[in-house]
Amino acid sequence: MNRAKLAVMGSINVDHILNLKAFPQPGETVQGKQYQVAFGGKGANQAVAAGRCGADITFIACVGRDDSGERVRQQLAKDNINTSSVGVIEGETTGVALIFVNQQGENVIGISAGANGALTPEYFRNHEHVIKEADALLLQLETPLNTVQLAAETAKNHNTKVILNPAPAQKISDKLLSLVDIITPNETEAEYLTGIAVTDETGAGKAAQHLHDKGIETVIITLGGRGVWLSEKGKAGKIVPGFNVKAIDTIAAGDTFNGALVTGLLEGKAILPAIRFAHAAAAIAVTRHGAQPSVPWRNEIDAFLAEQD
């Protein structure tokens, strides 16, 4: 049986993670522990989540001509990802993220784009066949916006479904929003896009309607431990609760959710079972440290769901 094809375009970072009791104030130095280096970047995290879930996935991305980039490419291949469109950029370093994690599992992050900035429209045009041949395209906002726009237009012209995780939060043109089939902001990103505070179900409903009015069919606002707000155009929105687990690190939880969600949909799952599948993947991820090291494999997700039934 031919599996549906997924294209992911996005960032690759090497994450430097330090656990702290509390985030430092300006001018303050605090002692940390459990320093680790792990592979991350929203694009790569979502690609890894999809690959480990069993998707037929090709990743469009860039790394630097450095040791980190080579190790990332090798790891992505082990995660069942086609890396033929992951380019090595001369004169650039692989992207870097500096991450502090506090005792509540919250994080603050600073990023150096490095080779991610080389994912230009010119680079994309050499790999647009990946999107033309795909059934779905998953995008985020850690690479140049004009390339994200071009990729979405290419997808639309070839009947490839466009899923946008609008993170990190930034202004997006109505032109780009109009090309999106499914959008998956968190509360902060939803407010950034709509100007509507998502502090309760009423706010979530209004923000979702605002996004529907931009032409988006399905809006999924992630609400952390409360689950997601699902709104499909023409239907009443509702909370789809997640699973109760003890979170120790929320890095890449949203990315895991997105990669698993799209995998579920491409396997033919209806939207609610696909969300449940994605909730399970994210629930496992938050019980582990790091970005990609926390992303579960398919057999782990299936076993977790079997325990819930």
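This is a predicted model: local features need pLDDT of at least 70, side-chain atom pairs count only at pLDDT 80 or more; totals for chains, interfaces and linings use all residues.
Colleague: Why are helix 10 and helix 11 called roughly perpendicular?

Modeller: Helices here are DSSP runs of H or I with at least four residues, strands are runs of E with at least two, and both are numbered from the N terminus. The axes of helix 10 (residues 271-285) and helix 11 (residues 298-308) cross at roughly 105° and come within 9 Å. Axes are lines fitted to C-alpha atoms, for helices over the stretch in contact, with angles from 0 to 180 degrees between N-to-C directions. Angles under 35 degrees count as roughly parallel, over 145 as roughly antiparallel, 65 to 115 as roughly perpendicular, and the rest as oblique. Helix 10 and helix 11 are therefore roughly perpendicular.

Colleague: Which residues of helix 10 and helix 11 meet?

Modeller: Contact means heavy atoms within 4.5 Å. On the helix 10 side are Arg276, Phe277, Ala280, Ala281, Ala283 and Ile284, and they meet Arg298, Glu300, Ile301, Asp302, Phe304, Leu305 and Gln308 of helix 11. These residues divide into eight nonpolar, one polar and four charged. In this division Ala, Val, Leu, Ile, Met, Phe, Trp, Tyr, Cys and Pro count as nonpolar, Asp, Glu, Lys and Arg as charged, and the others, Gly among them, as polar.

Colleague: Why are helix 1 and helix 9 called oblique?

Modeller: The axes of helix 1 (residues 42-53) and helix 9 (residues 253-266) come within 7 Å and cross at roughly 45°. Helix 1 and helix 9 are therefore oblique to each other. The contact joins Lys42, Asn45, Gln46, Ala49, Ala50 and Cys53 of helix 1 to Asp255, Thr256, Asn258, Gly259, Ala260 and Thr263 of helix 9. Four of the residues in this contact are nonpolar, six polar and two charged.

Colleague: What makes His279 buried?

Modeller: Buried means under 20% relative accessible area, exposed over 50%, and partly exposed in between (1.4 Å probe, protein chains only). His279 has a relative accessible area of 8%, so His279 is buried. This residue lies in helix 10. Leaving aside neighbours within four places in sequence, His279 is in contact with Gly227, Val228, Val240, Pro241, Gly242, Phe243 and Phe257. The C-alpha atoms of His279 and Phe243 are separated by 6.8 Å, although the two are 36 residues apart along the chain.

Colleague: Why is Glu106 called partly exposed?

Modeller: Glu106 has a relative accessible area of 45%, and is therefore partly exposed. Glu106 lies in the loop between strand 7 (95-101) and strand 8 (107-112). Its contacts, apart from neighbours within four places in sequence, are Phe23, Phe100, Val101 and Thr250.

Colleague: Which residues does a cis peptide bond join?

Modeller: A cis peptide bond joins Ala167 and Pro168, with omega about -5°. Pro168 is in the loop between strand 10 (161-164) and helix 6 (174-177).

Colleague: What makes a set of residues a nonpolar core?

Modeller: A nonpolar core is a set of buried Ala, Val, Leu, Ile, Met, Phe, Trp, Tyr and Cys residues joined through side-chain atoms within 4.5 Å. The largest such core has 47 residues, and those with the most contacts inside it are Leu6, Ile12, Phe59, Ile220 and Ile275. Helix 10 gives the most to this core, with ten residues. A second, separate core of 41 residues includes Ala190, Ile216, Val219 and Ile221.

How values were computed. Residues are numbered from 1 along each chain as its sequence is written. Side-chain values use heavy atoms; hydrogens and water are left out.
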